[in-house]
Amino acid sequence: MKDTTIEIRWHGRGGQGAVTSAELIAMAAIAEGEYAQAFPSFGPERRGAPVLAFNRIDNANPIRARSSVINPDIVAVLDPGLLYITDVVSGLKQNGTLIVNSPKSLVDIKSEFGGPWKLAVVNATAIARELLGVNIVNTTMLGAVVKATGIIKMESLVEPIEERFGARAKRNIDACAKAYKEAEIAEPVAVRARQKREFQVEKWPAWQELLPGCVVIEAGSASQYRTGDWKSQHPESDYSKCIKCGLCYIYCPEGCIVPKLGEEGFFEADMYYCKGCGICAQECPKDVITMVEES
Amino acid sequence: MEKVITMEKNEVPFEEYLAPGHRACTGCGEMLAVRLIAKTLGDDVIIANATGCVEIVSSPLPTTSWRVPWIHTLFENTSAVASGIEAGMKAMTRKGRYSRKTKVVAMGGDGATADIGIQSLSGALERMHEFIYICFDNEAYMNTGVQRSSATPFGASTTTSPAGKQSIGQMTWKKNLPAIVAAHDIPYVATACPSYPLDMINKVEKAMKVKGPAYIHVLSVCPTGWHSQSNATINLGRLAALTGIFPLYEIEQGRYKLNVDPAQLSPIEEYTKLQGRFRHLPPEVLASIQERVTDEYVKLKKKAAEV
């Protein structure tokens with residue numbers, strides 16, 4: 001039997017709606033008479049953390065596989081920041097498709113992430129901010145995915161979106177259509193663009209190495225976990241106004257704001273852990289701290 | 001111990017016993033409370049922690065955020081486990097095999113405390129075990145995706161009390177857990193909120209000195225479940241106290257004392273308008289909530305006036 005299954009991997013952040021994207025595309029495919037699956041990867045990660053969602057769509061045969069997708073035909077990246085912290089093209093098939101939400105131009109993205117795959121770029125964040133008023137790009141990205149892959153028809157998305165969003169459906173459909181119009185597509189190139197950054201992979205013990213009873217003997221071992229990857233904005237400080245009151249230090253839920261080394265009494269957030277919640281900027285009595293969008 | 005001097009010359013312990021790298025949502029008020037409380041408790045402590053957000057985000061196998069002895073317990077037996085640890089230490093001390101004065105602390109969310117674990121909590125309080133119970137109240141089962149608990153406030157929309165045409169959200173009033181605990185006549189009961197960090201730290205220090213059980217109920221703002229901005233966490237906690245929705249008080253040997261007592265309560269709209277879970281409420285429902293909040297606050301003030 002010929003393998004007719006098309007697999008999609010969605011890269012998003014918790015709360016951004018990657019799971020909804022996957023569900024909507026599966027519902028649209030099922031409405032077109034195809035077989036489809038949509039499911040997220042489960043973990044303890046919370047809002048802001050990098051998350052994965054998956055689709056399988058098959059126009060001929062029922063889908064038996066239940067595992068997560070390792071070698072996708074299509075990869076969609078909902079958050080521009082994720083491009084630089086995870087290897088989004090990992091396992092992407094030859095002549096597959098990579099769809100990226102980024103404010104950068106197609107040429108720039110191609111120079112960084114071009115390869116033997118079709119590349120589509122859309123500024124979904126700008127479209128979502130304009131039409132929806134929020135930075136939730138799940139429905140917007142669907143437009144770009146449909147344009148780049150033709151995996152389903154645009155019309156098929158209308159009903160699932162209406163069912164899911166009710167009164168807000170119209171705006172979501174508009175955002176989806178706008179992304180369809182604005183997405184720019186480049187054909188595959190033979191040579192993969194050189195990776196500028198090595199991706200750090202945390203090394204955890206395998207299950208065989210764990211102690212019976214799930215005892216963890218290394219105190220505070222979670223501190224090797226880089227929660228700094230979750231943030232979409234980071235704090236910047238203007239120390240000339242700082243009165244060293246320490247409120248930012250007290251109110252940081254991560255405990256990552258510490259007295260700065262070498263300089264007397266100033267506080268600084270550790271970007272390895274900072275999740276970009278903005279509490280320090282909000283609570284600073286002298287407006288020393290401002291939140292700056294990650295680029 | 002090294003100290004950092006902050007805020008009106010009050011000292012806050014420097015050492016962090018909750019390591020960064022925990023998986024809590026951005027802007028989590030609960031982990032902020034846990035972090036400040038862990039600092040205050042110090043290193044001579046054993047913590048029994050019920051299932052819930054704190055447990056999940058601080059201990060995904062094979063790692064832990066804790067730098068003190070910590071055990072994960074079930075929803076229903078946190079206080080029983082803490083009782084056992086305390087009784088065991090007492091027996092070992094009597095036999096001369098243990099000499100430290102280690103503090104036993106039980107932690108649980110509002111679900112673990114007000115719903116599932118209330119029987120074991122009541123039992124441990126009645127037996128007068130010397131331990132501190134800290135309830136981190138984020139007003140629903142946030143860990144599993146915002147289901148209502150008995151600590152969810154009236155009118156809040158959750159996944160199991162959704163607001164819609166036939167429903168205004170949660171139809172019951174928040175369970176008054178500190179009052180239930182105080183009815184056990186234990187030496188120390190307090191409510192706290194990390195928006196008032198020094199007040200909270202003081203209360204933990206008091207609870208550590210008490211002979212017998214102590215109970216602290218901590219309001220933990222949850223941006224995910226309350227549908228609020230992640231940077232509004234501290235402000236929301238402050239507004240909860242200033243509107244009288246979550247008054248900060250302590251009960252020492254049966255005597256009530258209000259710790260934050262505004263001359264005039266702020267209108268509850270200031271608190272509710274910042275949260276998506278209350279956005280659907282019509283003015284007449286808000287008015288009825290306001291009435292009840294004011295009534296409860298007057299009752300509390302009366303109790304605080306009795307000496």
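**Strands and rings in a predicted model**

Visitor: Which residue stands opposite A36(A) in strand 3 of chain A?

Guide: I57(A) does. Strands are DSSP runs of E, at least two residues long, numbered from the N terminus. Two strands pair if DSSP finds at least two bridges between them. Here strand 2 (residues 35-40) of chain A runs antiparallel to strand 3, joined by six bridges. This is a predicted model, where local features need pLDDT of at least 70, side-chain atom pairs count only at pLDDT 80 or more, and totals for chains, interfaces and linings use all residues. Side-chain values use heavy atoms, without hydrogens and water; residues are numbered from 1 along each chain as its sequence is written, and chains are lettered from A and ligands numbered from 1 in the order written.

Visitor: How many bridges pair strand 1 of chain A with strand 3 of chain A?

Guide: Nine, in the antiparallel sense. E7(A) faces R56(A) there.

Visitor: What order do the eight strands of the open sheet in chain B take?

Guide: The order is 4-3-5-6-8-7-9-10, with mixed pairing. Strands 4 (70-73) and 10 (255-258) of chain B each have a single partner, so one side of each lacks a neighbour in the sheet. Strands 6 and 8 of chain B run parallel over six bridges.

Visitor: How many aromatic pairs does the structure hold?

Guide: Rings of Phe, Tyr and Trp (its six-membered ring) pair if their centres lie within 6.5 Å; planes under 30 degrees apart count as stacked, over 60 as edge-to-face, the rest as tilted. Over all chains there are 13. W66(B) and W70(B) are stacked, because their centres are 6.0 Å apart and their planes at 15°.

Notes. Helix = DSSP H or I, 4+ residues; strand = E, 2+ residues; numbered from the N terminus.
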